[in-house]
Amino acid sequence: MKVRTRFAPSPTGYLHIGGARTALFCWLYARHHGGDFVLRIEDTDRERSTPEAVQAILDGMAWLQLDADEGPFYQTQRFDRYREVVQQLLDEGKAYHCYCTREELEEMRAQQMARKEKPRYDGRCRSRTEPRPGVDPVVRFRNPLEGEVVVKDHVRGTVVFRNEELDDLIIARSDGTPTYNFCVVVDDMDMQITHVIRGDDHLNNTPRQINIFRALGAEPPEFAHLPMILGPDGAKLSKRHGAVSVMEYRNDGFLPEAVRNYLVRLGWSHGDQEIFSTEEMIRLFDIADVNHSASAINPDKLAWLNQHYIKEGDPQRLGEELGWHFERMGVDTSNGPALADVVRANAERAKTLKEMAENSVFFYQDFEEYEEKAARKNLQPDAVEPLTRLKEGLAALEEWKAPAIHDAVNAVAEALELKLGKVAQPLRVAVAGKGVSPPIDITLELLGREKSIERIERAIGHIVQHTAYEH
């Protein structure tokens with residue numbers, strides 16, 4: 001039997017971190033077994049589903065590089081098929097028309113609650129044969145009244161549901177549109193899905209779905225219900241924890257490989273290993289190794305992983321992603337150093353590409369003013385002589401390369417009998433506008449001779465002007 005998994009989000013919002021982890025686990029399980037991964041958009045909730053949310057899901061999947069073998073399929077394009085199966089169940093007596101009004105159902109529920117009973121449909125239309133004038137009926141599935149449904153869950157173990165606890169599910173609304181639980185079964189049956197991996201908030205739907213599979217003469221897929229993801233404080237994940245669109249992680253400067261590595265460790269492990277290439281994930285992943293207790297988000301761990309992937313990544317590819325961040329900031333990078341070189345210069349110190357872009361704007365744009373704290377400390381009268389000597393020494397260099405620049409800076413420090421920091425730090429603030437940059441020789445090489453000398457002159461002018469003003 002060929003393994004076939006599916007990721008089936010509802011486009012009522014963005015692809016968030018929990019959905020992305022489900023997608024990753026489905027994708028990995030299919031890849032591990034040499035099977036197929038199917039993408040299906042469950043858009044039957046027409047009021048809440050939006051084209052923007054569909055696009056956000058597709059963008060998130062593409063960014064995470066979770067490629068589908070089939071799909072995306074859209075449930076709204078399969079209504080004829082659902083109607084056909086509803087009719088089949090009606091014809092076989094496995095479903096029936098229910099003519100109860102909303103008021104009647106509310107009264108029934110109120111009476112059950114008053115008797116301390118679990119509120120559910122009591123089956124009063126199960127044996128009704130006559131239509132009720134003026135009422136458009138819903139269609140309900142005729143759930144077995146006895147016996148039990150045994151779910152052999154790959155994560156949670158065996159879970160047993162008694163049929164008498166399940167009511168007769170509505171499978172088609174009064175306007176004829178099919179309902180979620182029903183469409184899922186028809187889709188999984190038609191698409192020959194062998195393994196359903198999803199969040200454990202769906203566990204209560206599973207026995208109902210299994211009963212519909214059986215009524216249709218189909219073998220249910222195997223199930224694995226993943227525990228939820230919690231915030232760092234142990235509470236249910238919400239927007240205040242950053243339960244936002246996966247694409248927000250891109251906006252914040254995270255790499256897809258870091259997010260994938262982070263997600264795979266939310267509930268799954270392989271010994272003490274923390275860093276996994278995609279190939280290792282595929283080779284090692286097994287749904288049976290997923291922990292059945294909830295996992296908590298750890299932003300520091302994601303930042304650590306991201307820094308690892310920035311250090312280890314291909315500068316050319318990271319440069320393209322860095323360029324995307326500069327574009328968002330409105331920074332033109334056509335006049336300045338190659339983006340791959342900026343990545344190489346910053347790789348050891350940046351935790352995110354957004355941070356890298358923000359710290360590297362000075363390579364491409366002149367800054368309006370100096371960082372106040374850095375200027376107050378380093379652009380003082382005693383920096384005028386070192387900066388003047390640097391300007392002369394750097395202007396005289398035959399080759400504008402980091403080693404030659406390094407020697408020139410050292411020579412000034414030695415000549416003036418100053419510690420290197422007393423020369424390099426004013427120089428850094430002069431050319432970068434702030435107290436932090438890549439190593440100063442690399443910074444100057446990337447910035448170029450002309451801009452570097454221009455900015456040193458500007459810094460000397462700034463010190464002279466401020467000294468005169470203070471006196």
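The model is a predicted one: local features need pLDDT of at least 70, side-chain atom pairs count only at pLDDT 80 or more, and totals for chains, interfaces and linings use all residues. Residues are numbered from 1 along each chain as its sequence is written, and side-chain values use heavy atoms, with hydrogens and water left out.

Let me begin with the sheet. Helices (H or I, at least four residues) and strands (E, at least two) are DSSP runs, numbered from the N terminus. Two strands pair if DSSP finds at least two bridges between them. Here 3 strands form an open sheet in the order β4-β5-β8, with antiparallel pairing. Because β4 (95–98) and β8 (170–172) stand at the edges with a single partner strand each, one side of each has no neighbour in the sheet. On average, neighbouring strands of this sheet are turned by 45° against each other, direction ignored; the axes behind such angles are lines fitted to C-alpha atoms, for helices over the stretch in contact, and angles run from 0 to 180 degrees between N-to-C directions.

Antiparallel β4 and β5 are joined by 4 bridges, and β5 pairs with β8 in the antiparallel sense over 2 bridges. R140 takes part on both sides: R140 is the bridge partner of Y96 in β5, and R140 stands opposite I170 in β8.

In a regular strand the side chains alternate between the two faces of the sheet. In β5, V138 and R140 point one way, V139 and F141 point the other way, and all are buried. Buried means under 20% relative accessible area, exposed over 50%, and partly exposed in between, with a 1.4 Å probe and protein chains only. Helix α3 (residues 79–91) lies across β4, β5 and β8 and runs at about 95° to β4.

I turn to the helix pair. The axes of α17 and helix α18 (residues 440–447) come within 10 Å and cross at roughly 30°. That makes α17 roughly parallel to α18, a label for angles under 35 degrees, whereas over 145 is roughly antiparallel, 65 to 115 roughly perpendicular and the rest oblique. A424, L427, R428 and V431 of α17 make the contact with I440, T443, L444 and L447 of α18, where contact means heavy atoms within 4.5 Å.

Where does I193 lie? I193 is in the loop between α5 (180–190) and β9 (195–199). At 6% relative accessibility, I193 counts as buried. Leaving aside residues up to four places away in sequence, I193 touches R4, T5, R6, V38, R40, D188 and P221.

Finally, the backbone. Most residues other than glycine have a negative phi, and most peptide bonds are trans. The peptide bond from G71 to P72 is cis, with omega near 10°, and P72 is found in strand β3 (residues 70–74). K116, which is not a glycine, has a positive phi of about 60°. K116 is found in the loop between α4 (102–114) and β5 (138–141) and is exposed, with a relative accessible area of 76%. E417 has a positive phi near 55°. E417 is found in the loop between α16 (402–415) and α17 (420–432) and is exposed at 74% relative accessible area.
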